[in-house]
Amino acid sequence: ATNGPTADEMSKLRNQIINEQIRRRQMAMDRSMLLAEFALIYGDAEYFNKDLDSMLKITPEQIKNVVNK
C-alpha cells in the first residue's frame with residue numbers, strides 16, 4: 001500500500017467498475033432503484049448519469065491514502 005495500485009491494477013479496477021455498472025443498469029427494476037437511491041442520498045436522480053464518471057476519476061494516490069488510514 002505504500003506505492004498505491006499499479007497502472008495495470010487501475011485498469012482492471014476501472015474495467016470491473018464499468019462491468020458492474022452496466023450490469024446494474026440493464027434491468028428496469030435495478031435502474032429505478034438506482035434512480036431512487038440517488039434521489040434520496042444526493043437529492044438528485046440525475047446523479048445516475050454522473051456516478052460512473054466520478055468512480056472512474058479515482059486516482060492511485062486516493063486509493064493509497066484510504067488504505068493507509
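This is a predicted model: local features need pLDDT of at least 70, side-chain atom pairs count only at pLDDT 80 or more; totals for chains, interfaces and linings use all residues.
A residue is called buried when its relative accessible area is under 20%, exposed when that area is over 50%, and partly exposed in between (1.4 Å probe, protein chains only). Residues are numbered from 1 along each chain as its sequence is written, and side-chain values use heavy atoms, with hydrogens and water left out.

**Around D51**

- D51 is found in helix α3, which covers residues 51-56; helices here are DSSP runs (H or I, at least four residues), numbered from the N terminus.
- The relative accessible area of D51 is 5%, so this residue counts as buried.
- Leaving aside residues up to four places away in sequence, D51 touches Q21, R25 and F38, where contact means heavy atoms within 4.5 Å.
- With the same exclusion of residues up to four places away in sequence, Q21 touches D51, L52 and M55.
- What separation do the C-alpha atoms of D51 and N19 have? They are 14 Å apart, and the two residues are 32 residues apart along the chain.

**Salt bridges**

- Side chains of opposite charge can pair when their charged atoms come close.
- A search of the whole structure finds 5 salt bridges, each being a side-chain nitrogen of Lys or Arg within 4 Å of a carboxyl oxygen of Asp or Glu.
- K12 and D8 are 4 residues apart in helix α1, which means about one helical turn separates them.
- D8 is partly exposed, with a relative accessible area of 47%.
- Another salt bridge joins the side chains of D44 and K50 (3.5 Å, N to O).
- D44 is partly exposed at 27% relative accessible area, and K50 is partly exposed at 43%.

**How α1 and α2 pack**

- Helix α1 (residues 7-26) packs with α2 at an angle of about 105°, and their axes are 5 Å apart.
- Axes are lines fitted to C-alpha atoms, for helices over the stretch in contact, and angles run from 0 to 180 degrees between N-to-C directions.
- That angle makes α1 roughly perpendicular to α2, a label used for 65 to 115 degrees (under 35 is roughly parallel, over 145 roughly antiparallel, and the rest oblique).
- On the α1 side the contact is made by R23, R24, R25 and Q26, and on the α2 side by A28, D30, R31, L34 and E37.

**A nonpolar surface patch**

- L40, I41 and Y42 form a nonpolar patch on the surface, with about 380 Å² of accessible area together.
- Patches are made of residues with over 30% relative accessible area and no salt bridge, joining like charges within 9 Å and nonpolar side chains (Val, Leu, Ile, Met, Phe, Trp, Tyr) within 5 Å.
- Accessible areas come from the Shrake-Rupley method with a 1.4 Å probe, and for residues only the protein chains shown count as cover.
- I41 lies in helix α2 (residues 28-42) and counts as exposed, at 55% relative accessibility.

Terms used:
Helices (H or I, at least four residues) and strands (E, at least two) are DSSP runs, numbered from the N terminus.
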